[in-house]
Amino acid sequence: MQYPATRLNKPVVAIVLSARRNLLSQSGRPMTAILTTDVNLSRVAHELGLRVEQVTSTVELLDDGNTVPFITRYRKDQTDGLNEEQIEQIRNRVTAMRLLTQRKQTILRSIESQGKLTEELRHQIERADHVRRLEDLYLPFKPKKQTLATRAIEQGLEPLAREIIDADKTIMDLDGRAADFVNEDKGIATPAEALLGAGHIVAEKFSEQAELRQRARKIFRSHGKLTSTKAKEDHKRNEQFRDYHAFSEPLNRVPPHRIMAVNRGEKAGVLRVRIETDTAEIHRMARALLVPADHPLMDFLTGCVTDAIDRLILPSLEREVRRELSEKAEMHAVEVFARNLRKLLLAPPVSGRRILAMDPGFKTGCKLAAIDEYGKPLAHAIVHIVGKEDRIAQAKGKIVELIRDHQLNTIAIGNGTACRETEQLVGTLLGGELAGTDVAYVIVNEAGASVYSTSALGREELPDCDAMQRSAISIGRRLQDPLSELVKIDPASIGVG
């Protein structure tokens, strides 16, 4: 996202965004909106342990369209030697603050267009330092889909709900007052239905209180546990997720890989995943916050609080926490995969070795490919490493023949099916027919070799070989030069997760 260039030349930098609009209400009267929020770069500097001048200069350079590599290499004099990681951190933090600022402006405009923006609410929105707090403040004014409360409002029950909350003297006779709202044309046939609709309105208003949601969120997270149980009988799938049939772990201790595992089980339909917490404590807190001790309709309001917690707040918080846990786990997984991929791609090459590549297999046999020190295929064969003695003897003879005819000195064995059996056969040869030679063997990760063997690139590179031969050649080449061979394979098939 591009932002306009801004000259930042003060220790505490405030980017004041002002918008003045003449909005016409339905009555035709103009309204003027003045929206003001601040982005304080001294806070960014404090969070990152940098000087404000460094942050200010970096933001100026970024706003002028300069890239991180350019600033790192050619503008060290202006940033006082910041490295690329520090510049990335500044960019990400300032971008997040600006996005928060933009969201504040949108919310302020939305609330003001409804004619409900007070000075106190404006100050609360402008002081909000997290998007979660901001959305909590906006919730009562956010356009809603059809709910039980909106239906009750359409039926004209909002005045009754307001009188109940304010303990108006007209509701001392609650049933009598509810009877005044009976209207069969609007679907209210009895006073009980009127009270039910009013209760829905009260419950929704309670659920939209930012302070209540903030306190409930704190209890929910501190006492919450991620749990999973078996959802259905599926022997194959249930065996795969057997560790999670009766799983429970506190939210602050559950590791990312378990979060992803229960998510997969839930998506497969074999696990039922929930977050359990101390709901009793949340109910006690909500009653103390929302129900005055001297309210004449304490029991009615208590029922509304219970409905607000159980039907509206707890499901919302559970979705919020599940989403955050999943995002955190996915980010961690990406970091792990990136680290593993980097190590795999940067594995040191085994140069100057003539390779006998072996792609193990039972039914289709073990595919052999002899390649020279430059990766050029020299010969190929298929042998069977299990079965009758004569077949195994033929396999041994073919392996020795290829090694001697082409002066091969390294055996690369793929780590797939039949790898251990192939390794045992090679070990027998090194202690027997090949004893005294400089031949050695190594186990090679064959992930993605089959994908390469059937790809357009594989066919173009080795047009005279079939798919099984290409797979063996790929195994040998990735030992000689891992990076050059692995870049030919789709990243999702390389085998780092």
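**Aromatic pairs and a buried alanine**

Let's start in helix α3 (residues 68-74), which holds both Phe70 and Tyr74, 4 residues apart, or about one turn of the helix. Helices here are DSSP runs of H or I with at least four residues, numbered from the N terminus. Bear in mind that this is a predicted model, where local features need pLDDT of at least 70, side-chain atom pairs count only at pLDDT 80 or more, and totals for chains, interfaces and linings use all residues. Residues are numbered from 1 along each chain as its sequence is written, and side-chain values use heavy atoms, with hydrogens and water left out.

The structure holds 2 aromatic pairs. In one of them, the ring centres of Phe70 and Tyr74 are 5.4 Å apart and the planes meet at 50°, so this pair is tilted. Rings of Phe, Tyr and Trp (its six-membered ring) pair if their centres lie within 6.5 Å; planes under 30 degrees apart count as stacked, over 60 as edge-to-face and the rest as tilted. Phe70 is partly exposed at 28% relative accessibility, and Tyr74 is also partly exposed, at 46%. The cut-offs are under 20% relative accessible area for buried, over 50% for exposed, and partly exposed in between (1.4 Å probe, protein chains only).

Tyr244 and Phe247 also form an aromatic pair, and this one is edge-to-face, with 5.3 Å from centre to centre and 70° between the planes. Both Tyr244 and Phe247 are buried.

Finally, look at Ala333 in helix α16 (residues 298-345). Ala333 has 8% relative accessibility, so it counts as buried. Its C-alpha atom is separated by 47 Å from that of Asp405, 72 residues apart along the chain.

Terms used
Helices (H or I, at least four residues) and strands (E, at least two) are DSSP runs, numbered from the N terminus.
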